[in-house]
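Here's a quick briefing to read with the structure open.

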Amino acid sequence: MKIPFTKYQGLGNDFILIDNRHSPEPLITPEMAVAMCDRHFGIGADGVIFALPGQAATDYTMRIFNSDGSEPEMCGNGIRCLAQFIARLEANNAIGRTYRIHTLAGTMIPRLEANEQVTVDMGPPQLLGSEIPTTLVVGSEKILAVPLEVEGKDWSVTCVSMGNPHCVTFVDDLASIPLETIGPKFEHHPVFPQRTNVEFVEVIAPDYMKMRVWERGAGITLACGTGACAVVVAAVLTGKCDRSCTVELPGGCLQIHWSQTDNRVYMTGPAKAVFEGIYTV
């Protein structure tokens with residue numbers, strides 16, 4: 001089987017995009033996605049994204065398989081890449097063009113901007129323990145600066161769901177965090193029944209933060225869009241930043257705004273095509 005694909009990246013968070021408009025089910029299996037994402041024996045990517053037919057009054061459906069074969073609810077950098085991919089498929093990249101995209105986290109609405117930027121209405125954050133989900137607190141409570149023991153140390157964590165779970169902790173020295181060893185301990189901590197993404201954040205100014213991320217199912221990545229959104233929400237709730245903030249990740253910067261008017265989070269950042277090809281199974 002020969003599979004046409006386009007490789008995209010959003011701040012170095014890279015994906016294999018597949019035109020799946022002919023079928024409501026992904027063209028490949030999670031096991032095949034793992035092989036495609038392998039950086040030595042495959043194409044190399046953090047995940048495979050499928051552009052499927054829309055459902056529930058949407059234009060398209062987005063599904064994604066991570067590099068480990070798991071399926072997340074949504075991906076912030078990925079949906080920006082998907083928007084640019086759809087524009088290419090439709091041969092219409094008009095600035096201001098929007099799409100209603102069905103995801104496992106609900107309907108997302110990306111809008112094409114100038115200079116390969118995409119703004120995404122990420123919807124309202126979910127803050128209750130039962131919504132994350134986590135057993136760290138009783139289900140009807142928020143998780144704001146709650147202690148969590150990992151590797152014999154108490155970390156102060158704030159949990160946010162942007163349709164997928166995030167555990168945010170603020171630190172004084174971001175560079176000193178041993179992300180490759182501590183990240184998986186957070187991801188697989190028993191208080192997170194569906195595992196979690198984890199973000200370590202250093203506040204530089206009320207409108208500027210630096211962040212590193214360990215993504216559930218992908219490990220260390222250069223950027224995480226839903227993570228950047230969760231970080232701003234967590235920082236606002238704990239009095240550390242403004243509602244409009246630049247979040248610097250290893251792959252570059254995202255602009256995040258948590259609207260006080262409609263409670264929705266808006267993310268703006270780049271998405272660029274890298275190359276096209278045909279993968280033979």
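Is Asn-13 buried or exposed? Asn-13 counts as buried because its relative accessibility is 1%, where buried means under 20% relative accessible area, exposed over 50% and partly exposed in between (1.4 Å probe, protein chains only). Bear in mind that this is a predicted model, where local features need pLDDT of at least 70, side-chain atom pairs count only at pLDDT 80 or more, and totals for chains, interfaces and linings use all residues. Residues are numbered from 1 along each chain as its sequence is written, and side-chain values use heavy atoms, with hydrogens and water left out.

**The two domains**
- The domain assignment gives domain 1 (2-119 + 270-280) and domain 2 (146-263); such bounds come from an automatic or database assignment.
- Their C-alpha centres lie 23 Å apart, and the contact between them takes 18 residues from domain 1 and 21 residues from domain 2 (contact means heavy atoms within 4.5 Å).

**The active-site pair**
- UniProt, in an unreviewed entry, lists Cys-75 and Cys-224 for "active site"; its positions are in the numbering used here, feature names are shortened, and annotations may be inferred rather than shown by experiment.
- The two span 150 residues in sequence, yet no two of their C-alpha atoms are more than 7.5 Å apart, so they gather at one spot.
- The lining of the largest cavity includes both Cys-75 and Cys-224. A cavity is a set of points on a 1 Å grid over the protein atoms alone where a 1.4 Å probe fits but cannot get out, and lining residues have an atom within 4 Å of a point.
- Cys-75 is in the loop between strand E4 (60-66) and helix H2 (76-90), and is buried at 8% relative accessibility. Helices (H or I, at least four residues) and strands (E, at least two) are DSSP runs, numbered from the N terminus.
- Cys-224 sits in the loop between strand E13 (219-221) and H4, and is buried too, at 3%.

**The binding-site list**
- For "binding site", the unreviewed UniProt entry lists residues including Asn-13, Asn-164, Glu-215 and Thr-226. Those found in the lining of the largest cavity include Asn-13, Asn-164, Glu-215 and Thr-226.
- Asn-13 lies in strand E2 (residues 13-19). Leaving aside neighbours within four places in sequence, Asn-13 is in contact with residues including Cys-75, Glu-215 and Cys-224.
- Thr-226 belongs to helix H4 (residues 225-237) and is buried at 1% relative accessibility.
- The side chains of Thr-226 and Asn-164 make a polar contact (3.2 Å): that's a pair of N or O atoms within 3.5 Å, and within protein one must be able to donate a hydrogen and the other to accept it, while residues adjacent in sequence count only if both atoms are side-chain atoms.

**The nonpolar cores**
- A nonpolar core is a set of buried Ala, Val, Leu, Ile, Met, Phe, Trp, Tyr and Cys residues joined through side-chain atoms within 4.5 Å.
- In the largest one, with 54 residues, Leu-82, Met-209, Met-211 and Ile-256 touch the most other members.
- H4 gives the most to this core, with 9 residues.
- Why does this core lie between domain 1 and domain 2? Both domains give residues to it, so it lies between them.
- Apart from it lies another core, of 22 residues, among them Ile-132 and Val-150.

Key
On a 1 Å grid over the protein atoms alone, a cavity is a set of points where a 1.4 Å probe fits but cannot get out, and a pocket is an open set with protein on both sides within 12 Å along at least five of seven lines; lining residues have an atom within 4 Å of a point.
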